[in-house]
Amino acid sequence: MSWDKHGRIHDLIFWPEREEVDKYVYTPGLHGLELAKALVEGRILGMKCSDGSVYVPPKTFCPDFGEGSLVEIKGPWRLQYYTVVYEDLYGNRLEKPIVVGVIKPDDAVNGMVHIVNVDPGKVYVGMELKPVFKPKDQRKGTIADIQYFEPA
């Protein structure tokens, strides 16, 4: 995966009094492309390296610079860390707080950040979760094709 930075003033995105960032053109690479295709199909892929370690989402190269192989991640998924979000990017109070967490498959080295559809008062580290995908006709091959994770 790689990022190409434009560096032009009209490509900046502003959040007044908070932050400004430059827009990026994202190129997913070969494994990212396979992940995108899998997400459209309602599957999640990872990379299994020669030492047996699995990385989600798949990396371009394993830490030992080996190629590794793409594997489907079926879970179980567990919540490793989380936070509860009460405001949007503009400081407006949300109608309902959102739980955002790092969700990791049991057999992987790492996990992914995503929304967890659970009551903030009932969330806990180690909670078993499952991905919920958007309807197939709404999927675009992005991580947002996973609508959220919910308790399994």
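Hi everyone, and thanks for coming. Before we start, some housekeeping. Because the model is predicted, local features need pLDDT of at least 70 and side-chain atom pairs count only at pLDDT 80 or more, while totals for chains, interfaces and linings use all residues. Residues are numbered from 1 along each chain as its sequence is written, and side-chain values use heavy atoms, with hydrogens and water left out.

Let's begin inside. Nonpolar side chains tend to be buried together in soluble globular proteins. Here, the largest nonpolar core has 22 residues. By nonpolar core I mean a set of buried Ala, Val, Leu, Ile, Met, Phe, Trp, Tyr and Cys residues joined through side-chain atoms within 4.5 Å. Buried is under 20% relative accessible area, exposed is over 50%, and partly exposed is in between, using a 1.4 Å probe and protein chains only. Ile44, Val56, Trp77 and Phe149 have the most contacts inside this core.

Which elements each supply at least two residues of this core? They are α1 (29-40), β8 (77-87), β9 (93-105), β10 (112-116), β11 (128-133) and β12 (146-151). Of these, α1 gives the most, with three residues. The names come from DSSP runs numbered from the N terminus: helices are H or I with at least four residues, strands are E with at least two.

Take a look at valine 56.

Now for the disulfide, a pair of cysteine sulfur atoms within 2.5 Å. The structure holds one, joining cysteine 49 to cysteine 62 with 2.1 Å from S to S. Cysteine 49 lies in the loop between β5 (45-48) and β6 (54-55), and cysteine 62 in the loop between β6 and β7 (69-72), so the pair ties together parts that are 13 residues apart in sequence. The torsion about the S-S bond is about -95°, so this disulfide is left-handed. Are these cysteines buried or exposed? Both cysteine 49 and cysteine 62 are buried.

An open sheet of three strands has the order β6-β5-β7, with antiparallel pairing. Because β6 and β7 stand at the edges with a single partner strand each, one side of each is left without a neighbour in the sheet. Two strands pair if DSSP finds at least two bridges between them, and β5 and β6 pair over two bridges. Methionine 47 stands opposite tyrosine 55 in β6.

Last topic: salt bridges. One is a side-chain nitrogen of Lys or Arg within 4 Å of a carboxyl oxygen of Asp or Glu, and the count comes to six. Arginine 43 pairs with glutamate 72, their closest N and O atoms being 3.6 Å apart. This pair links the loop between α1 and β5 to strand β7, 29 residues apart. Arginine 43 is partly exposed at 28% relative accessible area, and glutamate 72 is partly exposed at 37%. Another salt bridge joins aspartate 106 and arginine 78 at 3.1 Å, N to O.
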